[in-house]
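This briefing goes through one protein model by topic. The sequence and structure come first, and the notes follow.

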Amino acid sequence: MDFSGRAVASRRGFLKGAAAVTTITMGGMMGPAHAAVGIKGTHGTGFCNLNIFLAHSRQYAKAAGVELEFINTPTFAEQVTFLGMGQVDIGLMPYTSFMALYDAGAPVKIVAGGGVEGCAIVARPGLDSPEKLKGKTLGTFQLDTLEVMPYDYLKKHGISFKDVKVRYMGNTPEAVEAFKAGALDWICTIEPYASALVNDVKGAVMLSNGIDMYGKGYTDCVLACRSALIKDNPAGLKAIIKAMMQAQHDAETQTEAVLKELVGKYYKTSMENAKIAQGKQPAIVDARSQTQFILDRTDSVVEMGYIKKKPDRGAIDWTLLEEVIKENADLYGKLKYKSAV
């Protein structure tokens, strides 16, 4: 596909939609009956979603009178815009997507972490250097960290993003199958699918796992919410954050049992591939140490034309996360992965 034409048009369409969400109110989704009807959320597909998947599967927040409800969407773009439109209360999403909503004026905040690392660039056999990617078709997701990462990878090696063809995919399973079928030359995806492709496609090459560019522990996804939720139902939001913290502890201490529960239902991959990938993308609730990384990483999002300016510190609110940590010190102390702050 001609990246210079359709991609720009598509970006404008996405941003137009993001801007429109600021005119839509939350209606009856907030208020006294909120906890009774549940907190509605969207999610992605990778291991960065593990904590919210397990919190949903086991409904940990019900002990506090809160039910976590998933609103399924057919495409990645809708997962993001549903939060901006107020059709859901929370969303586990790439921080780059959140920043586009924030830049467009949507009333949203980052309130907790999702997962770290686990993003990877995988190429077909023989495409073992960045120079060989020129003219090749990349499969990715618009306004995702999985689009920003190949942009940064090419830039690092002196190659323009315009020198490759870009095919925006609807969802991860679609992208994975397209790569396996040879319709994509290279792909930026997430665990457990990155390890699965290297394992399942003979000769496939992992060109980067992100650590070489961003360093260890780089953030991928975050938990974002409607700003009104912080004010109108802080107890409900704290119950979700605590549930994700409990899920993190269980995933760290009961790994095999957790994978058996989630693979098939939430992850469309084999247990073998899930076990290979699980340690490559830990799901971590406490993302406070990544605050500056999240803000700085948006430089590329500005360069790509998705947002007009870098977000300010007001985009992130760790207040309720810190309250949950303080109120559940014993649980927090048992976590393997914690913030460095």
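Which element gives the largest share of the lining of the second largest pocket? Strand 4 does, with 4 residues. The model is predicted, and local features need pLDDT of at least 70, side-chain atom pairs count only at pLDDT 80 or more, and totals for chains, interfaces and linings use all residues. Residues are numbered from 1 along each chain as its sequence is written, and side-chain values use heavy atoms, with hydrogens and water left out. Helices (H or I, at least four residues) and strands (E, at least two) are DSSP runs, numbered from the N terminus.

- An open sheet of 5 strands runs in the order 2-1-3-10-4, with mixed pairing; two strands pair if DSSP finds at least two bridges between them.
- Strand 2 (68–70) and strand 4 (108–116) are the edge strands, each pairing on one side only.
- On average, neighbouring strands of this sheet are turned by 30° against each other, direction ignored.
- Strand 3 (residues 90–94) pairs with strand 10 (residues 219–226) in the antiparallel sense, over 5 bridges.
- Leu-92 has Leu-223 in strand 10 as its bridge partner.

**The pockets**

- On a 1 Å grid over the protein atoms alone, a pocket is an open set of points with protein on both sides within 12 Å along at least five of seven lines, while a cavity is a set of points where a 1.4 Å probe fits but cannot get out; lining residues have an atom within 4 Å of a point.
- The largest pocket has a volume of about 560 Å³, a volume being the space filled by probe spheres set on the points, which are joined across faces, edges and corners.
- Its lining has 35 residues, and those closest to its centre are His-43, Gly-44, Thr-45, Gln-79 and Thr-172.
- At least two lining residues of the largest pocket come from each of helix 3 (50–58), helix 4 (76–85), strand 3, helix 6 (145–156), helix 7 (172–180) and strand 10.
- That lining consists of 17 nonpolar, 14 polar and 4 charged residues, where Ala, Val, Leu, Ile, Met, Phe, Trp, Tyr, Cys and Pro count as nonpolar, Asp, Glu, Lys and Arg as charged, and the others, Gly among them, as polar.
- The second largest pocket has a volume of about 260 Å³.
- Its lining has 19 residues, with Val-116, Gly-217, Ile-284, Tyr-337 and Lys-338 nearest its centre.
- Strand 4 and strand 10 are the elements that give two or more residues to this lining.
- By class, the second largest pocket is lined by 6 nonpolar, 9 polar and 4 charged residues.

**The cavity**

- There is 1 cavity of 30 Å³ or more, and the largest cavity has a volume of about 60 Å³.
- Residues lining the largest cavity include Tyr-95, Cys-119, Tyr-214, Asp-220 and Phe-293.
- Helix 6 and strand 10 give two or more residues each to this lining, and the largest share, 3 residues, comes from helix 6.
- The lining of the largest cavity has 7 nonpolar, 2 polar and 1 charged residues.

**Helix 5 and helix 14**

- The axes of helix 5 (residues 95–103) and helix 14 (residues 291–303) come within 10 Å and cross at roughly 75°; axes are lines fitted to C-alpha atoms, for helices over the stretch in contact, and angles run from 0 to 180 degrees between N-to-C directions.
- The two helices are therefore roughly perpendicular to each other, a label for angles of 65 to 115 degrees; under 35 counts as roughly parallel, over 145 as roughly antiparallel and the rest as oblique.
- Tyr-95, Thr-96 and Met-99 in helix 5 are in contact (heavy atoms within 4.5 Å) with residues of helix 14, including Phe-293, Arg-297 and Val-301.
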